[in-house]
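Hi,

Here is the structure for you to look over. My notes follow below it.

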Amino acid sequence: MSNKKSIPRRMSAAPSSDTSKVKKNAKGGVLVTEEEIASAFEFFDLDQTGKITLSNLKKRLGVFYKNMPNKEFRFLMNNKSEMTVQDLQDLLTDNEIQNFDPVAEAFKVYDPHSTGYVDSEILRNIFQSLGFGDISDEDLSILVETGDVDKDGRVSLADFRNMLEGPQAVEQVEEEKKEKEEEKKPEETNKEESTEEAAA
């Protein structure tokens with residue numbers, strides 16, 4: 001079966017998505033690593049049978065997409081009733097999906113009102129729905145602080161992307177933040193000098 005499928009409507013790239021940030025595979029599609037496939041498989045293999053079933057997929061994705069039609073679940077299962085990790089690798093490794101940003105798509109779940117930031121209550125509900133029990137305000141604060149890579153008190157798409165891409169991306173964000181602060185220092189010094197000159 002060809003990997004050049006169309007993306008379900010609810011998962012089509014938003015016009016504002018910056019797909020240039022999406023890493024590409026050898027065929028120009030979305031890069032999906034073996035580690036990402038293994039992690040995804042583990043997340044969806046609820047019964048730990050070595051197979052993902054349509055029921056597993058519905059239980060897990062239902063937390064994120066409340067009204068997802070059955071045809072989209074079947075599409076994601078490649079019209080199979082169950083999938084092994086090898087099936088998932090075969091489907092995703094050499095995909096030719098273009099103009100799609102999976103991180104921006106995932107972020108939409110946490111930012112349903114398109115504010116540009118994760119909605120804390122949505123985050124709380126998702127973690128509770130995934131079986132992590134009651135999430136206190138303190139727990140929620142820790143989750144947001146952990147995801148807030150640029151330390152502005154909120155989790156933006158850039159924070160979300162950097163958090164998912166690992167420590168190197170976090171270091172890059174911190175470096176960019178320092179550079180911006182350094183750029184501001186000469187401006188502030190110039191403003192102070194202008195104020196002093198005007199006062200004299």
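The buried residues of helix α6 are Leu123, Arg124 and Ile126. Seen down the helix axis, they fall within an arc of 165°, so they line one face of α6. An α-helix has 3.6 residues a turn, so residues three or four places apart point the same way. The buried residues of α6 pack against α2, α5 and α7. Keep in mind that this is a predicted model.

α6 also falls short on span. The helix has 13 residues, but its end C-alpha atoms are only 15 Å apart. A straight helix would reach 18 Å at 1.5 Å a residue.

Next, the core. The largest nonpolar core has 31 residues. Leu61, Phe64 and Tyr110 touch the most other members. The elements giving two or more residues to this core are α1 (34-44), α2 (54-64), α4 (85-92), α5 (102-110), α6 (120-132) and α7 (137-147). Beyond four places in sequence, Leu61 is in contact with Phe44, Met68, Phe73 and Leu76.

Asp159 lies in helix α8, residues 157-165. Asp159 is buried, yet has no salt bridge. Which side chain of opposite charge is nearest to Asp159? That is Arg154, 7.6 Å away. A salt bridge here needs a nitrogen-to-oxygen distance within 4 Å. Leaving aside neighbours within four places in sequence, Asp159 is in contact with Gly147, Asp148, Val149, Asp150, Asp152 and Arg154.

Best regards

Notes. Residues are numbered from 1 along each chain as its sequence is written. This is a predicted model: local features need pLDDT of at least 70, side-chain atom pairs count only at pLDDT 80 or more; totals for chains, interfaces and linings use all residues. Side-chain values use heavy atoms; hydrogens and water are left out. A nonpolar core is a set of buried Ala, Val, Leu, Ile, Met, Phe, Trp, Tyr and Cys residues joined through side-chain atoms within 4.5 Å. Buried means under 20% relative accessible area, exposed over 50%, partly exposed in between (1.4 Å probe, protein chains only). Helices (H or I, at least four residues) and strands (E, at least two) are DSSP runs, numbered from the N terminus. Contact means heavy atoms within 4.5 Å. Lys and Arg count as positive and Asp and Glu as negative; His and the chain ends are not counted. The expected span of a helix is 1.5 Å times one less than its number of residues. The arc is that of the directions from the helix axis to the C-beta atoms.
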